[in-house]
Amino acid sequence: MSRKNAVMALGMALGMAAFVACSGGDAGSQEAASGAMAEGQETAAAEVEQQMELPEGVTMEMVNQGQEVYAGAGLCYVCHGAEGQGMPGLGANLTDDEWVHGDGSFDALVATVMDGVDSGASTTGTAMPPKGGSGISDEQVRQVAAYVWTLSQ
Ligand code: HEC
């Protein structure tokens, strides 16, 4: 089989597998599947916890709640992107280890999120309002800072 055909065959096989996985089964097996996924996520979280030493005062629970704040009430995704990858002309990339404001430590992240970034200090000229303008609680700021901290590790 030529290389091109082999690639096509592989593509088709993957497509079939995805089709079977998506269309397959009754509600029961779907529940089982999502249960397995939740389990997988918990395992992943435990692995992350093992791999990186969280800053003092930060728990994995805070990180998980922070992820919800990021993608929800905190409105962070609006300017920093769903994956924290940044948005041209708006918020900076939060997944790399280059920090424009502060040193990337947990405390610095809390401070930046709490105070926002002045338009004069922003490299894009766009200001980040305190707490992203979302009005989240101080507790939620600490949670979302914990989540952002993990993004760059
Ligand atoms: C209105 C748009 C906007 C929203 C909403 C927003 N930010 Fe920002 N953020 C910015 C801008 C603009 C900067 C400065 C970027 C620059 O200087 O290049 C920034 C900078 C940051 C930085 C510093 C990045 C660095 O490289 O030093 C962090 C951390 C951060 N934001 C976290 C958050 C979090 C967490 C939230 C949600 C609570 C949030 N931001 C919501 C616009 C926003």
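Visitor: Is S122 buried or exposed?
Guide: This is a predicted model. S122 sits in the loop between α5 and α6. A residue counts as buried under 20% relative accessible area. S122 has a relative accessible area of 12%, so S122 is buried.

Visitor: How many Å separate the C-alpha atoms of S122 and G89?
Guide: Along the chain, S122 and G89 are 33 residues apart.

Visitor: Where is A121, and how does A121 count by accessibility?
Guide: A121 belongs to the loop between α5 and α6. A121 has 44% relative accessibility, so A121 counts as partly exposed.

Visitor: What is the separation of the C-alpha atoms of A121 and V100?
Guide: A121 and V100 are 21 residues apart along the chain. Their C-alpha atoms are separated by 9.1 Å.

Visitor: How many helices and strands does the chain have?
Guide: Read along the sequence, the pattern is α-α-α-α-α-α. The count for the chain is six helices and zero strands.

Visitor: What percentage of the chain is buried?
Guide: The chain holds 153 residues. Buried means under 20% relative accessible area. Residues of that kind make up 28%.

Visitor: Where does the ligand sit?
Guide: The protein has a largest pocket, with a volume of about 610 Å³. Its lining includes H80 and M128, which are among the residues nearest its centre. H80 and M128 are also among the residues that come nearest the ligand. The ligand sits in the largest pocket.

Visitor: Which residues come nearest the ligand?
Guide: There are 27 residues around the ligand. By class, this shell has 15 nonpolar, ten polar and two charged residues. Those that come nearest are C76, C79, H80, T123 and M128.

Visitor: Which helices each supply at least two residues of the shell around the ligand?
Guide: One of them spans 76–80, another 106–115 and another 138–151. These are α4, α5 and α6.

Visitor: What is the distance from a polar side-chain atom of H80 to a nitrogen atom of the ligand?
Guide: A polar contact is a pair of N or O atoms within 3.5 Å. H80 brings a polar side-chain atom to a nitrogen atom of the ligand. The distance is 2.8 Å.

Visitor: What distances do V100 and T123 have to an oxygen atom of the ligand?
Guide: V100 uses a backbone N or O atom, which lies 2.9 Å from an oxygen atom of the ligand. T123 uses a polar side-chain atom. For T123 the distance to an oxygen atom of the ligand is 2.3 Å.

Visitor: Which residues lie nearest the centre of the largest pocket?
Guide: The largest pocket is lined by 31 residues. They divide into 18 nonpolar, eleven polar and two charged. Nearest the centre lie H80, G91, A92, L94 and M128.

Visitor: Which element gives the largest share of the lining of the largest pocket?
Guide: The largest pocket has a lining of 31 residues. The elements that give two or more residues to it are α4, α5 and α6. The largest share is four residues, and it comes from α4.

Visitor: What is phi of L75, and is L75 buried or partly exposed?
Guide: L75 lies in the loop between α3 and α4. Phi of L75 is near 65 degrees, a positive value in a residue other than glycine. Its relative accessible area is 36%, so L75 is partly exposed.

Visitor: Is K131 buried or exposed?
Guide: K131 lies in the loop between α5 and α6. Phi of K131 is near 55 degrees, a positive value in a residue other than glycine. Its relative accessible area is 18%, so K131 is buried.

Visitor: How many Å apart are S105 and P55, C-alpha to C-alpha?
Guide: S105 is in the loop between α4 and α5. S105 is partly exposed, at 27% relative accessible area. S105 and P55 are 50 residues apart in sequence. In space they are 8.3 Å apart.

Visitor: Which side chain does a polar contact join to that of S152?
Guide: S152 is in the segment after α6. S152 is buried, with a relative accessible area of 13%. The polar contact is 3.5 Å, and the partner is Q153.

Conventions
Residues are numbered from 1 along each chain as its sequence is written. This is a predicted model: local features need pLDDT of at least 70, side-chain atom pairs count only at pLDDT 80 or more; totals for chains, interfaces and linings use all residues. Side-chain values use heavy atoms; hydrogens and water are left out. A residue is near a molecule or strand if one of its heavy atoms lies within 4 Å of it. A polar contact is a pair of N or O atoms within 3.5 Å; within protein, one must be able to donate a hydrogen and the other to accept it, and residues adjacent in sequence count only if both atoms are side-chain atoms. On a 1 Å grid over the protein atoms alone, a cavity is a set of points where a 1.4 Å probe fits but cannot get out, and a pocket is an open set with protein on both sides within 12 Å along at least five of seven lines; lining residues have an atom within 4 Å of a point. A molecule sits in a cavity or pocket if more than half of its atoms lie within 2 Å of its grid points. Ala, Val, Leu, Ile, Met, Phe, Trp, Tyr, Cys and Pro count as nonpolar, Asp, Glu, Lys and Arg as charged, and the others, Gly among them, as polar. Grid points are joined across faces, edges and corners, and a volume is the space filled by probe spheres set on the points. Buried means under 20% relative accessible area, exposed over 50%, partly exposed in between (1.4 Å probe, protein chains only).
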